[in-house]
Structures are given as structure tokens and as C-alpha cells.
Amino acid sequence: MTTNDSGSAPKPPAKDPWDLPDVSGLTVGVLGGTGPQGRGLAYRLARAGQKVVIGSRAADRAEAAAAELGLGVEGADNAECARRSDVVIVAVPWDGHAETLRSLREELAGKLVVDCVNPLGFDKKGAYALKPEEGSAAEQAAALLPDSRVTAAFHHLSAVLLQDGTIDEIDTDVMVLGEARADTDTVQALASRIPGMRGVFAGRLRNAHQVESLVANLISVNRRYKAHAGLRTTDV
């Protein structure tokens, strides 16, 4: 019988950070699925084989958008979208963020929520980051949804590229933040289902503000270089 010097059991080997769960059977809801970002994410996930339901304040708008996307995407009002989904992506405009989540607290209870909202302001100098009282949009979501498991991801994606059906791969990494490894692993796995994308763990929700804020810099990059810039992390 072999023991270590302290007499305690040996530590199990560290988990491979790229050993991610199979998420192919999960239903993904997209709140704000009729807007450019939500619509683009719904399209890419459905194209990758995920079951997707898009939500809107008006069910008929969501149903019309789902019919245009095809790929088995379904539409519903926001509450029904939340109820029918295992994972719910929040892609609503910042100015409606708090109101939307507050109204869906019951439907989102127990759900894995992925916030991709970027609090931004715009003036004649361009885009600039706003800092919510809670620290970030993701932290605001966590405060409003105490019975949900809130993560943050999908902030730096071009809606133009996401919706372009002629593009087969989206060349970018997705920064994923959250409090529980099982939850961030699930979101990383969802991101990695989209060809060209890779989900990368980027810290806890307290670090979400700088991730959300970076979008203001990417907007400046895009305007100067007429591009649809994304991010890649090196040596990972």
C-alpha cells in the first residue's frame, strides 16, 4: 500500500481545461433574438445543430424571425422562450436589460443564463463604456436573478459576420466568465460548437466589466480599418 508523506490520499490529476461537456442535447433560448446580435447567435448555434428558441416581447415577431432563419429555429415570447430552454442567452439592448430580466425572474429560475450585453454610450467621439452600479451587465443580471446561474460570454462577436450565411467559420475566441466551473464549461462548449470559435475561460463575474467594455475599442478598430474585428488569445 502506497501513501504520500502526509498520510493523506494523493490528489487527483488536474482536469484538462479543454475537456468540455457534450451540450448537443441542450435547448438554447435567445432573449432579444430578433435583434442583430441575438439573431446572429441563434443562426450560428442552429446551424451547428443546436436546438434554438428565439424570444421577443411579441411572439409574432419572434415567430416571423424564426421562420426566416429556418434550421428548426422556433419563436416565442420572452417568457415562453425562457421556460422552454436549458440555457438562455441575454442579447437585449442595454437600456432594456434590467427591465427584461426583472420581468423574467421566475421563468429564469434554475436556468443557466449567458449575458452578452455590452453597456455602451455613443457621442460624436464614438463608443464609450458605461459602468452599471452593480459593476457590469453580467453582475446586474446576477443581482436580478438570484435563483439563476449567471455567466457572461459572446460579447465580441460581429453581428454582420454571424448573420452572413456565406461565411462558414467565425475566426474568434469567446471570453467566458462565471462563478461555477460546470457552468463556464457548458458555455465554452456551446461557443466551441460554432466552427472557428473557441470558448476560453476568462475569470469570475467581477471581471466582466472590462470584457464588456472592450467592445468600445473593437468598434473603434472596425471603423478605422473597415473590419469586423474579433479576439484571439495566444499560447492557450
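This briefing covers the sheet and selected salt bridges of the structure above. The model is predicted, so local features need pLDDT of at least 70 and side-chain atom pairs count only at pLDDT 80 or more, while totals for chains, interfaces and linings use all residues. Residues are numbered from 1 along each chain as its sequence is written, and side-chain values use heavy atoms, with hydrogens and water left out.

**Sheet**

- Strand β1 (residues 27-31) pairs with strand β4 (residues 87-90) in the parallel sense over four bridges, and Gly 29 has Val 88 in β4 as its bridge partner.

**Salt bridges**

- There are 13 salt bridges, each defined as a side-chain nitrogen of Lys or Arg within 4 Å of a carboxyl oxygen of Asp or Glu.
- Arg 232 and Asp 173 meet in one of them at 2.6 Å, N to O; Arg 232 lies in the segment after α8 (208-225) and Asp 173 in strand β9, so the pair ties together parts that are 59 residues apart in sequence.
- Asp 173 is buried at 1% relative accessible area, whereas Arg 232 is partly exposed at 41% (buried means under 20%, exposed over 50%, partly exposed in between, with a 1.4 Å probe and protein chains only).
- A network of salt bridges links Asp 171, Asp 173, Arg 198 and Arg 232.

Conventions. Pairing = 2+ DSSP bridges. Helix = DSSP H or I, 4+ residues; strand = E, 2+ residues; numbered from the N terminus.
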